[in-house]
Amino acid sequence: VDDSFLQCISSHSQNHSKTISEFVLAKNTSAYSSVFQSSVRNLRFLNTSTTKPEFIITPFNESHIQAAIVCAKAYDMQIRIRSGGHDYEGLSYVSEEKFVLIDLVNLRSISIDIEKENAWVESGATLGEFYYKIAEKSNVYGFPAGSCPTVGVGGHISGGGFGTIFRKKSMGEDLFWAIRGGGGASFGVIFSWKVRLVQIPPSVTVFKVAKTLEQGASKLLQKWQRIGDKLPEDLFLHAATEVVNASSNNNKTIRVSFDSLYLGEAGKLVPVSQQANPQNFCLTGQLNSRASSKQNQIMLRNPFQKPDWKGYTKSFLSRDIRTDLDTLWRKDEPDSGLRNTIPSQKRKIYKIQYMVTWDKEEETEQHLRWMRSLYSYMAPYVSKSPRAAYLNYRDLDLGRNKNGNTSFAQASVWGLKYFKNNFKRLVKVKTETDPSNFFRNEQSIPVP
Ligand code: FDA
């Protein structure tokens with residue numbers, strides 16, 4: 001199979017300046033493991049029981065991707081598509097079926113056109129690389145996407161994308177609509193994106209305020225819920241809760257920090273904020289103005305770096321978060337504990353992410369159990385019918401397609417949670433685009 005598969009790839013590839021061994025790695029090649037591991041972000045999926053790809057293809061151009069698809073089909077293998085590898089359930093590099101991994105690590109070129117206010121960015125680039133390139137060209141433009149610089153452009157944009165200037169974003173039509181929130185992997189391999197840049201002022205202001213429970217953090221969080229949607233669009237305010245001292249359950253410090261980005265100078269933020277909130281929320285914190293270009297830090301994907309965390313994440317969306325926060329934060333948990341509960345707010349919808357990380361393999365089941373119990377505990381306080389979730393915070397507990405195939409009714413169990421009424425429209429687009437359901441995974445849009 002190896003030889004004939006390689007021949008298939010070779011005969012369908014159009015650019016012959018690259019030899020096949022430069023972009024197709026079989027299991028017995030020396031670079032296979034390091035390339036596979038290079039962007040496995042979650043160590044949970046690096047164990048020996050995880051099925052590994054038959055081949056890793058790292059395309060340099062479109063024809064390499066086309067060849068990978070044609071030949072995977074011909075040899076009855078599935079494909080997985082990986083850009084930055086940040087999928088929380090590892091769906092970009094883990095599969096129950098025999099598969100080929102298309103890793104877009106070599107497709108990361110970025111070209112910025114400031115005059116036209118747009119940019120072309122290839123899917124394998126990271127958000128950090130993209131922000132940095134924009135900042136190199138101009139300090140008055142940006143792109144509204146996530147805050148983690150190692151996240152890949154490919155998965156991130158196709159699954160939505162929340163970040164410090166996401167309040168400046170809008171949407172479009174059909175297939176293009178579908179791949180900007182519906183998950184690209186259900187529809188094909190996205191080579192590159194043409195995106196519109198947004199204008200930002202030359203100076204922005206950031207501030208951070210941190211309070212422990214003893215200092216009234218819960219009250220402050222409730223106040224944040226009340227005023228968040230009234231703040232001007234240029235102000236992003238996000239809250240993170242973490243256990244900073246988890247030596248024992250009775251003796252731990254729980255801290256809520258509010259991080260903010262304001263698109264303007266500190267002098268303007270103070271009156272704006274006072275107007276929105278007479279109680280002067282958070283402005284007891286330190287205000288820093290700094291040049292926006294300096295805020296864009298670069299963090300490149302090192303193809304041979306070690307994976308960096310083992311974690312488990314769940315999310316939910318809600319119209320209101322009403323709970324006894326003090327009880328929630330102190331909820332029993334395994335040793336390393338709750339690390340990040342991050343509500344972000346747009347209008348009157350809250351997005352909360354809970355995350356737990358750990359170091360020891362043998363603790364995995366214990367942490368997964370704890371996270372599932374936290375998820376159940378929160379049920380009364382969040383959105384119902386459906387209990388909504390954010391696709392980019394993938395969660396296979398919501399439901400999964402068996403061997404990639406499933407009925408519309410079965411897929412609706414998880415599909416309505418991510419997409420609500422848009423799920424039906426996504427199924428229609430999928431049916432038109434990929435009727436044979438070749439592009440599939442455990443949570444891909446089904447063909448009815
Ligand atoms: P990855 O390569 O794993 O792809 C994710 C999914 O998209 C997979 O199903 C994959 O097959 C598919 N895909 C990838 N490239 C594709 C392509 N070119 N064509 C078709 N399908 C493709 N989110 C957020 O909104 N704001 C944030 O600030 C953060 N921060 C953050 C930090 C960290 C540490 C992690 C682990 C995750 C986040 N996220 C996030 C979530 C992140 O947006 C989400 O996991 C993205 O899908 C990751 O995109 P990658 O390309 O890195 O992942």
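Trainee: Let's start with two cysteines: are C8 and C71 buried or exposed?

Mentor: Both C8 and C71 are buried. Keep in mind that we are reading a predicted model. A residue is called buried when its relative accessible area is under 20%.

Trainee: What about C148, with its relative accessible area of 33%?

Mentor: C148 is partly exposed, because its relative accessible area is 33% and that class lies between the 20% and 50% cut-offs. For the protein chain, 55% of its 448 residues count as buried.

Trainee: Back to the first pair. What do C8 and C71 form?

Mentor: They form a disulfide, with the sulfur atoms of C8 and C71 2.0 Å apart. The structure holds one disulfide. The link of C8 and C71 is left-handed, with -95 degrees about the S-S bond. C8 belongs to helix α1 and C71 to helix α3, so the pair ties together parts that are 63 residues apart in sequence.

Trainee: How should I read the packing of those two helices?

Mentor: Two packed helices are described by the angle between their axes and the distance between the axes. Here, α1 (residues 2-12) and α3 (residues 62-74) pack at an angle of about 140 degrees, and their axes are 8 Å apart. The two helices α1 and α3 are therefore oblique to each other, and their crossing is right-handed.

Trainee: Which residues in α1 meet residues in α3?

Mentor: From α1 come F5, C8, I9 and H12, and they meet S63, A67, A68, V70, C71 and A72 of α3. Sorted by class, this contact of α1 with α3 has eight nonpolar residues, two polar ones and no charged ones.

Trainee: How many helices and strands does the protein chain have?

Mentor: The chain has 13 helices and 16 strands. Among its contacts between residues at least 6 apart in sequence, 71% join residues at least 24 apart.

Trainee: Now for the backbone. What should I look for there?

Mentor: Most residues other than glycine have a negative phi, and most peptide bonds are trans. Now look at the loop between α11 and α12, where S385 lies. S385 is not a glycine, yet it has a positive phi of about 45 degrees. The peptide bond from S385 to P386 is cis, with omega near 0 degrees. S385 is exposed, with a relative accessible area of 76%.

Trainee: Where is K420 found?

Mentor: K420 is in the loop between α12 and α13 (422-433). K420 has a positive phi of about 45 degrees, although it is not a glycine. At 42% relative accessibility, K420 counts as partly exposed.

Notes. Residues numbered from 1 in each chain as written. Predicted model: local features only at pLDDT ≥ 70, side-chain atom pairs only at ≥ 80, totals over all residues. Heavy atoms only, no water. Axes fitted to C-alpha atoms, helices over the stretch in contact; angles between N-to-C directions. Helix = DSSP H or I, 4+ residues; strand = E, 2+ residues; numbered from the N terminus. Parallel < 35°, antiparallel > 145°, perpendicular 65-115°, else oblique. Left-handed = near helix turned anticlockwise from the far one by under 90°. Contact = heavy atoms within 4.5 Å. Nonpolar A, V, L, I, M, F, W, Y, C, P; charged D, E, K, R; others polar. Disulfide = S-S within 2.5 Å. Buried < 20%, exposed > 50% of the residue type's maximum accessible area, 1.4 Å probe, protein only.
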